[in-house]
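Please look at the sequence and the structure shown here.

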Amino acid sequence: MAPVEHREHAIGDFTADEYLAVQRVVHRAGTALSDLLTVERLYVLSLGSQQANRHVHWHLAPLPPGVPYEQQQAAVFDPARGHLDVPDDELADLARRLGERMTDSSTM
């Protein structure tokens, strides 16, 4: 289970046991997402800033197959690339299926 208390630092604000518990949730979500999408690599990041978004959270960013190497890794997060244009109904369906997988203990 993920903590609900405000935490700002991905390492320093967690005990080792708390951190490992959060990473179990990240692993479960990443496994579910990788099962639902065709993924060449799954990036797992903790992003944020003391200037905005001052809480710990993790991003799971699936990289689809066929992305040229020079557009992978840090380049995939370049704001100049824009964003994926995925219809709202497709995102809603993915969120629903991901939620189902996260609650179905037999899939993990």
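The buried residues of H1 pack against strand E1 (41-46), strand E2 (58-63) and H2. Helices (H or I, at least four residues) and strands (E, at least two) are DSSP runs, numbered from the N terminus. This is a predicted model, in which local features need pLDDT of at least 70, side-chain atom pairs count only at pLDDT 80 or more, and totals for chains, interfaces and linings use all residues. Residues are numbered from 1 along each chain as its sequence is written, and side-chain values use heavy atoms, with hydrogens and water left out.

Which residues of H1 are buried? They are Ala 21, Val 22, Gln 23, Val 26, Ala 29, Gly 30, Ala 32, Leu 33 and Leu 36. Buried means under 20% relative accessible area, exposed over 50%, and partly exposed in between (1.4 Å probe, protein chains only). Arg 24 also lies in H1 (residues 16-36), but Arg 24 is exposed, with a relative accessible area of 56%.

The axes of H1 and H2 (residues 88-103) come within 9 Å and cross at roughly 130°. Axes are lines fitted to C-alpha atoms, for helices over the stretch in contact, and angles run from 0 to 180 degrees between N-to-C directions. H1 and H2 are therefore oblique to each other; angles under 35 degrees count as roughly parallel, over 145 as roughly antiparallel, 65 to 115 as roughly perpendicular and the rest as oblique. Residues making the contact (heavy atoms within 4.5 Å) include Val 25 and Arg 28 of H1 and Leu 94 and Arg 97 of H2.
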